[in-house]
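Colleague: Could we go through this model together? I would like to begin with the contacts and then turn to the core.
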Amino acid sequence: MTTDQALWRPTRRRLADTLLAALAPVAVSVLALGGLSMWTVLGNAGSPARIAVTGGRLFLPTGDTPETAAFFRITNTGGSADRLLKVTFTETGGATTLSRHRMTGARSASARTVTSVPVAAGDSISMSPNSLDVIVPVNADWRIGDLVTFTLHFERSGTVRSDAVVDRPGR
């Protein structure tokens with residue numbers, strides 16, 4: 001036997017150190033797996049976006065205005081964000097536009113077209129004349145109380161249909 005082979009002996013101390021060195025990564029892995037399992041069980045791990053569209057209003061146009069505005073409340077109760085890509089409706093055959101309004105000074109505002117609107121997980125968006133709205137071509141046959149059906153197109157949730165009630169501005 002060589003001297004190196006004679007010196008190594010499995011003492012209690014060496015066995016304990018080896019066991020601890022092997023146990024540490026196993027314990028950390030079990031702890032991480034347990035945390036991820038609880039996160040999944042509680043519904044937070046990759047749950048899809050759950051979009052609800054409510055409170056639809058469509059302003060009754062006044063005068064010879066070629067466009068009016070529609071507003072909705074969009075709520076995402078899911079665990080993932082989504083994005084509103086566009087809003088369509090077939091009643092007038094015209095295209096709608098998503099628009100964001102900003103106050104620029106004393107009683108003046110500017111509007112700009114937006115291509116999409118993010119809807120964060122667990123959040124909601126309330127469209128209004130002072131924020132986000134849908135610009136809609138006018139139908140001269142609309143009357144107060146009429147229901148107009150819109151289809152909101154989302155990146156992950158697909159399409160969601162919602163009715164908007166024709167109403168006067170300022171109500």
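This is a predicted model: local features need pLDDT of at least 70, side-chain atom pairs count only at pLDDT 80 or more; totals for chains, interfaces and linings use all residues.

Colleague: Which secondary structure does the chain have?
Modeller: There are two helices and ten strands. From the N terminus on, the order is α-α-β-β-β-β-β-β-β-β-β-β.

Colleague: How much of the chain counts as buried?
Modeller: The figure is 28% of the 171 residues. The accessible surface comes to about 11200 Å², and 57% of that belongs to carbon and sulfur atoms.

Colleague: On to the core. How many residues does the largest nonpolar core have?
Modeller: It has 29 residues, and those with the most contacts inside it are Leu58, Phe72, Ile74, Leu84, Phe150, Leu152 and Phe154. Two or more residues each come from strand 1 (51-59), strand 2 (67-76), strand 3 (82-88), strand 6 (117-119), strand 8 (132-137), strand 9 (147-154) and strand 10 (158-167).

Colleague: Which strand gives the most to this core?
Modeller: Strand 2 does, with five residues.

Colleague: And what does Leu58 touch?
Modeller: Leaving aside residues up to four places away in sequence, the partners of Leu58 include Ala69, Val136, Trp142, Phe150 and Val165.

Colleague: Trp142 is an aromatic residue. How many aromatic pairs does the structure hold?
Modeller: It holds four. In the pair of Phe89 and Trp142, the ring centres are 6.5 Å apart and the planes stand at 35 degrees, so this pair is tilted.

Colleague: Where do Phe89 and Trp142 lie in the chain?
Modeller: Phe89 is in the loop between strand 3 and strand 4 (97-105), and Trp142 is in the loop between strand 8 and strand 9. They are 53 residues apart, and the pair thus links distant parts of the chain. Both Phe89 and Trp142 are buried. Together with Phe72 and Phe150, they form one aromatic cluster.

Colleague: A last topic: is Ile135 buried or exposed?
Modeller: Ile135, found in strand 8, has a relative accessible area of 18% and is therefore buried, as the cut-off for that is under 20%.

Colleague: What does Ile135 touch?
Modeller: Beyond residues up to four places away in sequence, Ile135 touches Glu67, Thr68, Ala95, Thr96, Thr97 and Ser99. The C-alpha atoms of Ile135 and Glu67 are separated by 6.5 Å, although these two residues are 68 residues apart along the chain.

Technical notes
Residues are numbered from 1 along each chain as its sequence is written. Side-chain values use heavy atoms; hydrogens and water are left out. A nonpolar core is a set of buried Ala, Val, Leu, Ile, Met, Phe, Trp, Tyr and Cys residues joined through side-chain atoms within 4.5 Å. Buried means under 20% relative accessible area, exposed over 50%, partly exposed in between (1.4 Å probe, protein chains only). Helices (H or I, at least four residues) and strands (E, at least two) are DSSP runs, numbered from the N terminus. Contact means heavy atoms within 4.5 Å. Rings of Phe, Tyr and Trp (its six-membered ring) pair if their centres lie within 6.5 Å; planes under 30 degrees apart count as stacked, over 60 as edge-to-face and the rest as tilted. Accessible areas come from the Shrake-Rupley method with a 1.4 Å probe; for residues, only the protein chains shown count as cover.
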